[in-house]
Amino acid sequence: MADKTPLSASLEDYLEAIYNIIQEKRAVRAKDVAARLKVSNASVTGALKALSKRNLLNYAPYDVITLTPEGESVAREVVRKHKILKEFLETVLNIDPVEADKAACQLEHGIQSEVVERLIKFIEFIDICPLGGRKLIEGFKRHLECSSMEEGCERCVQLAKDALHGRKDVGEEPARIALADLSPGQKGVLRRIRATKEVKKRLLGMGLVPGAVVKVERVAPAGDPIEVTVRGYNLSLRQDEARKLEVEPR
């Protein structure tokens, strides 16, 4: 019978490493895990046996390691938490990317899924709110740099006023383009899905719902497929699918 006790932080790290190596190389062996985590082969063997007993991966000495469906699901959630925490620390709190990555590794093991979902909502708010959003983050960055709290506030308020007066009419409809027209690294807020009922249902099931912030991670040389991130999940879309998704670029 598979062990159902909660995974330790260490075993989650192994599962996350295996998942990431599979995404990069399509195959993973024990030596790859040891190199990624900078641990001994003996430590990797012990971890692989423990994860195998939990029915999270298929392991045999000197053979390729594969994740079971349950193992892949658990690993995807760990990876998702890491990405969301890193984005929050780096984008919202203005922490150095390397330090944000280290902190995310430490935080991801204890944080509850409900907290992660709330962080997603906050990150999306920052991306789409016309009254605060990115200006709020820029204000926070200035606050970190200010030596005088009062003077910093006065400067921040003035900059916000100047930005508000320089904005277009708030009632003006923002420009929309197809998701396929975004460049790697660019984000867009999904506004509309132009597809048949069956295709629309499938895309919605993937988390591509109106209001979600979608980031293009990479585009294949021929333009197909397009890899995106939405709410912490990595998705691979065909170009014709990405053409059906109407977004407001950010």
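Visitor: What is the basis of the values discussed here?
Guide: This is a predicted model in which local features need pLDDT of at least 70 and side-chain atom pairs count only at pLDDT 80 or more, while totals for chains, interfaces and linings use all residues. Residues are numbered from 1 along each chain as its sequence is written, and side-chain values use heavy atoms, with hydrogens and water left out.

Visitor: How many helices and strands does the chain have?
Guide: The chain has 10 helices and eight strands. Helices (H or I, at least four residues) and strands (E, at least two) are DSSP runs, numbered from the N terminus.

Visitor: Why is α1 called roughly perpendicular to α2?
Guide: Helix α1 (residues 9-25) and helix α2 (residues 30-37) pack at an angle of about 110 degrees, and their axes are 10 Å apart. Axes are lines fitted to C-alpha atoms, for helices over the stretch in contact, and angles run from 0 to 180 degrees between N-to-C directions. An angle under 35 degrees counts as roughly parallel, over 145 as roughly antiparallel, 65 to 115 as roughly perpendicular and the rest as oblique. The angle therefore makes α1 roughly perpendicular to α2.

Visitor: Which residues form the contact of α1 with α2?
Guide: From α1, the residues D13, Y14, A17, I18, N20, I21, E24 and K25 meet D32, V33, R36 and L37 of α2. Contact means heavy atoms within 4.5 Å. By class, this contact has six nonpolar, one polar and five charged residues. Ala, Val, Leu, Ile, Met, Phe, Trp, Tyr, Cys and Pro count as nonpolar, Asp, Glu, Lys and Arg as charged, and the others, Gly among them, as polar.

Visitor: What makes α1 roughly perpendicular to α3?
Guide: The axes of α1 and α3 come within 10 Å and cross at roughly 90 degrees. That angle makes α1 roughly perpendicular to α3. On the α1 side the contact is made by L11, Y14, L15 and I18, and on the α3 side by S43, V44, A47, L48, A50 and L51. These residues divide into nine nonpolar, one polar and no charged.

Visitor: Why is α1 also described as roughly perpendicular to α4?
Guide: Helices α1 and α4 pack at an angle of about 95 degrees, with their axes 9 Å apart. That value makes α1 roughly perpendicular to α4. Here E12, L15, E16, Y19 and N20 of α1 meet G71, E72, V74, A75, R76, V78, V79 and H82 of α4. The residues of this contact comprise six nonpolar, three polar and four charged.

Visitor: Which residues of α2 are buried, and what covers them?
Guide: The buried residues of α2 are D32, V33 and A34. Their cover includes α1 and α3 (41-53). Just after α2, K38 takes a positive phi of about 60 degrees.

Visitor: How do you know whether V92 is buried or exposed?
Guide: Buried means under 20% relative accessible area, exposed over 50%, and partly exposed in between (1.4 Å probe, protein chains only). V92 has a relative accessible area of 7%, and is therefore buried. V92 lies in helix α4 (residues 69-92) and touches E87, F122, I137 and F140, not counting residues up to four places away in sequence. V92 and I137 are 45 residues apart in sequence and 6.2 Å apart in space, C-alpha to C-alpha.

Visitor: What makes E108 buried or exposed?
Guide: E108 has a relative accessible area of 2%, so E108 is buried. E108 is placed in the loop between α5 and α6 (113-128). Leaving aside neighbours within four places in sequence, E108 is in contact with D13, E16, V78, K81, H82 and L85. The C-alpha atoms of E108 and D13 are separated by 9.8 Å, although the two residues are 95 residues apart along the chain.

Visitor: Why is N94 called partly exposed?
Guide: The relative accessibility of N94 is 35%, so N94 counts as partly exposed. N94 lies in the loop between α4 and α5 (97-107), and has a positive phi of about 60 degrees although it is not a glycine.

Visitor: Why is R231 called partly exposed?
Guide: R231 has a relative accessible area of 25%, and is therefore partly exposed. R231 lies in the loop between β6 (226-230) and β7 (233-237). The phi of R231 is near 55 degrees, a positive value in a residue other than glycine.
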